[in-house]
Amino acid sequence: MGETILLAVALAMDAFAVALAQGARQRPAIGPSLVIATAFALAQGVMPLIGWGLGAIAMPLVATFDHWIAFALLAGIGLQMIRDSGDETAPPAFNFTALSMAALATSIDALAAGATLPTLEIAPLPAAAIIAATTFALSLAGIAIGRVAGDRLGRPAEIVGGCVLIALGCKIVFDHTFGG
């Protein structure tokens, strides 16, 4: 069980970083915060099950380009945040499409991790539930922290949030390329 919790926390870190940036950018109220955290939790919970189902057969195919997809999605959202920073007329950074892309981008590593679920001493469904619950909690915390930072720091917090997303995309590519 301890291994599953460690895996869940590790997988949730990407979603936490994006939620932190979104909290600084949009400063969402509780309703939108719950929607954001739920989207990340669902993606993080479903992707390991898909990875477990596909197993080692499909992983080599996905592994050749998954990091580039994650990079493109995160960098695109980050650049948009930087461009719109301080612009009160800019649309919210997370519409349905952007939120879906961010949830997908941050859960691609969970797809690969799903293939390792048989090595843990827990069934895939409880593991996915733990991953989803952990992601939900950490995403809500990230949004709350980002909201406070955004209120206090304004435009610089939005720029830093965008840079964090771009850096996260770069880290995913680096880890995949150099075995991080």
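At 1.5 Å a residue, the 25 residues of helix α1 should span 36 Å, and the end C-alpha atoms of α1 lie 35 Å apart, in agreement with that expectation. The model is a predicted one.

In the protein chain as a whole, the secondary structure amounts to 6 helices and 0 strands. The order along the sequence is α-α-α-α-α-α. Of the 180 residues in the chain, 46% are buried. Among contacts with a separation of 6 or more, 92% involve residues 24 or more positions apart.

In soluble globular proteins, nonpolar side chains tend to be buried together. The largest nonpolar core of this model holds 21 residues, of which V18, I36, F40, L74, A102, L165 and L168 touch the most other members. Two or more residues of this core are supplied by each of α1 (2–26), α2, α3 (66–84), α4 (96–114) and α6 (155–178). Another core, of 12 residues, lies apart from the largest one and includes L11, L111, A113 and L117. For L74, the contacts beyond four places in sequence are with V18, A105, T106, L165, I166, L168, G169 and I172. Three of these partners, V18, L165 and L168, are named with L74 among the residues of the largest core that touch the most other members.

T106 is also a partner of Q44, a residue of helix α2 (residues 30–63). Q44 has a relative accessible area of 0% and is therefore buried, the limit for that class being under 20%. The side chain of Q44 reaches the backbone oxygen of T106 at 2.8 Å. Leaving aside residues up to four places away in sequence, Q44 touches L11, A12, A15, T106, S107, D109, A110, I131 and T135. One of these, L11, belongs to the core of 12 residues.

A search of the whole structure finds 2 aromatic pairs. W68 and F71 form an edge-to-face pair, with 6.2 Å from centre to centre and 85° between the planes. Both residues of this pair, W68 and F71, lie in helix α3, where they are 3 residues apart, about one turn of the helix. W68 has a relative accessibility of 47% and so counts as partly exposed. F71, with a relative accessible area of 25%, is likewise partly exposed, since that class begins where the buried class, under 20%, ends.

F174 and F178 form a tilted aromatic pair, 4.8 Å from centre to centre and with 45° between the planes. F174 and F178 both lie in helix α6 and are 4 residues apart, about one turn of the helix. An α-helix has 3.6 residues a turn, so residues three or four places apart point the same way. F174 counts as partly exposed at 46% relative accessibility, whereas F178 is exposed, with a relative accessible area of 60%. The two residues fall in separate classes because the limit for exposed is over 50%.

Definitions and conventions: Residues are numbered from 1 along each chain as its sequence is written. This is a predicted model: local features need pLDDT of at least 70, side-chain atom pairs count only at pLDDT 80 or more; totals for chains, interfaces and linings use all residues. Side-chain values use heavy atoms; hydrogens and water are left out. Buried means under 20% relative accessible area, exposed over 50%, partly exposed in between (1.4 Å probe, protein chains only). A polar contact is a pair of N or O atoms within 3.5 Å; within protein, one must be able to donate a hydrogen and the other to accept it, and residues adjacent in sequence count only if both atoms are side-chain atoms. Contact means heavy atoms within 4.5 Å. A nonpolar core is a set of buried Ala, Val, Leu, Ile, Met, Phe, Trp, Tyr and Cys residues joined through side-chain atoms within 4.5 Å. The expected span of a helix is 1.5 Å times one less than its number of residues. Rings of Phe, Tyr and Trp (its six-membered ring) pair if their centres lie within 6.5 Å; planes under 30 degrees apart count as stacked, over 60 as edge-to-face and the rest as tilted.
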